[in-house]
Amino acid sequence: MTEPTRPHQPIDTSVAHSARVWNYWLGGKDHYPADQAAGDAYSSKYPRIVPFARESRDFLRRTTAYLAKAGVRQFIDLGAGLPTSNNTHEVAQRISPDCRVVYIDHDPIVLLHVHALLTSSPEGATNYVQADMRDTDAVLAGAAKTLDMTQPIALVINDVLGHIENWSEARGLVRRLVEQFPLGSYLSLSHSTAADTDHQAVQDEYNSSGAIPYIFREPSVAVELFEGTELVEPGFTSWPRWRPDANTGGLTDRAGWGGVARIL
C-alpha cells in the first residue's frame, strides 16, 4: 500500500458536504454538525431517504459478495466515498482473503479518512487513487499499481454517476473503462431515481442549496450504462430485489436500481 498524498486545501467543516451527509445517514462517524443538520433537514421532509441510503449500501454488500463468490479477486471501486461498514474490501476479503481492491475518489474529504479504507488481510491488498472518475486514463494507471490489468476485474460504481450531470459524459466514462477490462471481468452498478414526486422535490431543493448535486435518472435510462455487457439474473432491478438475503430491506421498488453484468 502506498501512502496517499494529503490534501492541500483546507476543509470547511461548517458547510455541509454530500459525502458526509451520506455517511451520517448510513450511521457512520465521519461527519460534522453542519452535515447532520443538512441530513436532518432532508430527512425531516422525506424520512424514507435514510432507509434508501442503507438499501443502497446493502446492494453494494450483496453484489460484492456475489462477485467474490464467482471467483473475482480484483475490484475497482469508483467514487468510493467515505468509509463506513461493509466497505468493498471488507466484504470481498471475508469471502476470499487474497482479494485486491483499489478505491478511486477525487474528493479531499475522502482522502482525510482514507486510512479506514487501507486496511487489508495479509493475503490481499487495498489501495487508494486520488483521481476524478471521469479521467479514465488516471483511473486505469492508478489501479495498475495494485492490480493485474490482464486478469478479471470487477468495476464497482455504486450510486455515484448521478453526480455527473451530463448523461453522455456518464455513459462515456463507463464505456471507456469497460473496454479496457479483459474477459471474465464484471460491471456492478447502481443509480438512484425519484421514488415519488415528494422525493424529487426535496432533491431539487437540496441540489439548489449549493451542495454537490445528484441527478435522478429513470431505470429505463440508467440501464443504458450496461451497454455492451451481459446482465446476470435478476437483471437491472430495484436494490431490494437484487438477490435479497436475510438482511435485505424491502422499502422501495423505486428509489434505486442496480445490476451486475459480465463484460463481453
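Against which strands and which helix do the buried residues of helix 6 pack? The structure is a predicted model, in which local features need pLDDT of at least 70 and side-chain atom pairs count only at pLDDT 80 or more, while totals for chains, interfaces and linings use all residues. Residues are numbered from 1 along each chain as its sequence is written, and side-chain values use heavy atoms, with hydrogens and water left out.

Helix 6 spans residues 136-143, and its buried members are Thr-136, Val-139, Leu-140, Gly-142 and Ala-143. Here, buried means under 20% relative accessible area, exposed means over 50%, and partly exposed covers the range in between (1.4 Å probe, protein chains only). Helices (H or I, at least four residues) and strands (E, at least two) are DSSP runs numbered from the N terminus. Viewed down the helix axis, the buried residues of helix 6 fall within an arc of 165°, so they line one face of the helix; the arc is taken from the directions from the helix axis to the C-beta atoms. These buried residues pack against strand 1 (74-78), strand 2 (100-105), strand 3 (125-130) and helix 7 (167-178), where contact means heavy atoms within 4.5 Å.

A nonpolar core is a set of buried Ala, Val, Leu, Ile, Met, Phe, Trp, Tyr and Cys residues joined through side-chain atoms within 4.5 Å. Helix 7 gives the most to this core, with 6 residues. Of the 32 residues in the core, those touching the most other members are Leu-78, Leu-155, Ile-157, Leu-161, Val-174 and Leu-187. Leaving aside residues up to four places away in sequence, the contacts of Leu-78 include Ile-104, Met-133, Val-139, Leu-155 and Leu-177. A second, separate core holds 26 residues, among them Leu-60, Ala-154, Tyr-186 and Val-260.

Most residues other than glycine have a negative phi, and most peptide bonds are trans. Asp-159, in the loop between strand 4 and helix 7, is not a glycine, yet has a positive phi of about 60°. At 9% relative accessibility, Asp-159 counts as buried. Arg-243, likewise not a glycine, has a positive phi of about 40° and is found in the loop between strand 7 and strand 8; with a relative accessible area of 38%, Arg-243 is partly exposed. Finally, the peptide bond from Glu-233 to Pro-234 is cis, with omega near 10°, and Pro-234 lies in the loop between strand 6 (229-231) and strand 7 (237-238).
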